[in-house]
Amino acid sequence: MGRQGRESGLLAQLSKLDYLLITHYHNDHVGNAAAIAAKIPVGTFIDHGPTVETTDAATALYNGYLKGRESGRHMLAKPGDKVPIRDLDVTIVAASGERITRPLSGPSAPNPLCGAFKPKDPDPTENARSIGSMIAFGRFRMVDLGDLTWNKEQELVCPSNLLGTVDVYLTTHHGLAQSGSAVIVHALRPRVAIMNNGPKKGGSPDAWQIVHDSPGLQGFWQLHYAMDAGKDHNVAEPMIANPDESAAHDIKISAQRDGSFTVTNSRNKLTKSYTAPNVDGRPGAFSDFRREVPGAMHKITLADLPAPCRRRFPATSCGYKVIRVPFKADGTAVGSYEDFLTGFVTDDGYPWGRPVGVAVDRDGSLLVSDDGSNTIWRVAKTIGPYCLRHLTGAAGVGSTS
Ligand SMILES: [Zn+2]
């Protein structure tokens, strides 16, 4: 079954597509867009703007898409834009050769691999214009950079890594060696990589090896057996959806808000579970967290944090920070406030959530909900520094959703 048949099978289960994102105007990414729109209503078409390719075939492909696009709304994607899908946080990180200029969240980490990067000749094709997106669900993060090529990928992670780390990396450009340098793949530190290669497209041995060697990789899956790469540059058969072309199987990811997820090979029903990263008591989880609060009289206030809310679309979650204001015994404030809890970070320092609610429990401990994992955290006053505990099912405290 070809791509067309496969898409028909998936569409049969749907009544409407809210969004159809076209990464760029190559046949394997836009070829069926108008046909899809003829079969099923599309709410909004997302693309990067006009094609940069001028051959007759490229023009015909683009015009065919424009015709299909007339049936829905159009969103011109710009780096930093959000695609407003309920419960998801989808950020455009690259489009039309441009990229985000600030880290997706929090301070970015310098990328030590940048020094070893060797650029290739500039890519004048549509590939370099690909839309790239970061898709987050709670603490789960997945990146899809379309067919973005070598130099453009590097701009996202050098000199510092603007993307952060991911749970799932959908290999860029089908695992072709024109993309997927170590400078980006290893900086993303994927826990799982899924190579969207065909039997004869992508899955280049060099690109495969870079993914295979990525530090911290726990799982590597492939859509097809890469016929020209040989056994040494293909994953084990159970992790390949289509070892041959007798049928069309897919790879399914099911993610939870806490960052855990499963990957299933629809061919053999092999499912592997990837657990949520440890969130309890990580050093540095809160920048100011381990400082002991001097004195007994402290009131804690929730303050607006407008800066991250500068978005073109209604924000799914803007977040707050918890500040600390010292008070005298008579109730008057002393000095200025300071940040107490500004966000939640992964083990390697990338923010995954922000405080969105705060309450004080009967024993005086502070309860804080986050916008990423549907968890309420308890900040308990103990002998010594404040400490952090998971709080599940606390009486009288509803969970956020
Ligand atoms: Zn492609």
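Residues are numbered from 1 along each chain as its sequence is written. In this predicted model, local features need pLDDT of at least 70 and side-chain atom pairs count only at pLDDT 80 or more, while totals for chains, interfaces and linings use all residues.

Reader: What distance separates the end C-alpha atoms of helix H4?
Author: Helices here are DSSP runs of H or I with at least four residues, and strands are runs of E with at least two, numbered from the N terminus. The expected span is 1.5 Å times one less than the number of residues. For the 14 residues of H4 (56-69) that gives 20 Å, which agrees with the distance between the end C-alpha atoms, 20 Å.

Reader: Which residues of H4 are buried?
Author: Buried means that 20 or more other C-beta atoms, placed from the backbone, lie within 10 Å of a residue's own; exposed means 12 or fewer, and partly exposed is in between. The face of H4 turned away from its buried side carries the exposed Asp56, Ala60 and Asn63. The buried residues of H4 are Leu61, Tyr65 and Gly68.

Reader: Which residue of S16 is the bridge partner of serine 254?
Author: S15 (251-255) and S16 (261-265) pair in the antiparallel sense over five bridges. In S16, the partner of serine 254 is threonine 262.

Conventions
Two strands pair if DSSP finds at least two bridges between them.
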